[in-house]
Amino acid sequence: MEHEIQELFNDTKIAFDKSPIKKLADDKSAKWAYTISSTELQKGKNLIVEFNWEVELKQKYTAQEFIPTINFKGLHLNKELGSLQKIVRPLLEYFSPEEIDNAVRSNFCFFRSKQEDQLTQTDLDLSTPLFLKLIDILEPKSIIGFSNNLKNYFIYHHLCSDLKKLEIPSNKRMLLVAKGIFKCNDQSIPIYFLPHPDAKLTSVARKEAWDFCFKEN
């Protein structure tokens, strides 16, 4: 596994050097760089993903060189999950503590940006094989996504099959949640698309979305 992870680092550096988002960051002297994971990488665990890594104003980042040794529980206890702190309690309604404590946290796109819409199609095309390689390494039990852009990208590009969708009314608009199967080589992995924890939703709508994904229908 260590050899595969090192290959992923090498591939990520090559891809990032070609990416428009790197050129944009360099033009702004921003140095946003890239990250593969904020937790240790373990096979067969739940993988929690957003669209891409954010940056803080005026903060400069270096490219990640080593995978952390901390687990998801450690990030939570150290309050290093940002807005994802809000998903821990609801996750424990559907998963065991061990399953959440040892979840892996990453992003579909490893390249950082200030805003998601700064990523071009070229950035995402460069990111897709990197994400697939991560999945190939981890063989995750499930993928749980918290990003509207992630959901839309996967659906539009037919990256998941057996898709089930549900529209839920909330605050005079409709929330779309979805679940399906993500296929990578010989793997068929359940994938769930939930609203971001910062999305302005009613508590009733959010609970209905989670139940749709994780309760047997």
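1. Y34 is buried, with a relative accessible area of 6%. This value, like the others in this note, comes from a predicted model.

2. F16 belongs to helix α1 (residues 2-18), whereas Y34 sits in the loop between α2 (20-27) and β1 (46-54). The pair therefore ties together parts that are 18 residues apart in sequence.

3. Across the whole structure, the search for aromatic pairs returns 16. Ring pairs also build a cluster, made up of F51, F108, F131, Y153, F154, F182 and F193.

4. Two contacts of a charge with a ring face deserve a look. R112 lies over the face of Y61, at 4.3 Å from the ring centre. K179 lies over the face of F212, and there the distance to the ring centre is 4.7 Å.

5. The largest pocket holds about 710 Å³ of space. Its lining consists of 35 residues, and those nearest the pocket centre are E50, E54, S83, R105 and H196. By class, the lining of this pocket divides into 15 nonpolar, 10 polar and 10 charged residues.

6. Several secondary-structure elements contribute to that lining. At least two residues each come from β1, β2 (104-113), α7 (148-156), β5 (173-184) and β6 (187-194).

7. On cysteines, the count of disulfides is 0. C160 is in no disulfide, and the nearest cysteine sulfur to it, that of C213, is 12 Å away. C160 counts as buried, at 13% relative accessibility.

8. For C184, the closest cysteine sulfur is the one in C160, at 13 Å, which is too far for a bond; a disulfide would need the two sulfur atoms within 2.5 Å. C184 counts as buried as well, because its relative accessibility is 4%, against a limit of under 20%.

Methods. Residues numbered from 1 in each chain as written. Predicted model: local features only at pLDDT ≥ 70, side-chain atom pairs only at ≥ 80, totals over all residues. Heavy atoms only, no water. Phe/Tyr/Trp six-rings, centres within 6.5 Å; stacked < 30°, edge-to-face > 60°. Helix = DSSP H or I, 4+ residues; strand = E, 2+ residues; numbered from the N terminus. Buried < 20%, exposed > 50% of the residue type's maximum accessible area, 1.4 Å probe, protein only. Lys NZ or Arg CZ within 6 Å of the ring centre and 35° of its normal. 1 Å grid on protein atoms, 1.4 Å probe; cavity = no way out; pocket = protein on both sides within 12 Å on 5 of 7 lines; lining within 4 Å. Points joined across faces, edges and corners; volume = space filled by probe spheres on them. Nonpolar A, V, L, I, M, F, W, Y, C, P; charged D, E, K, R; others polar.
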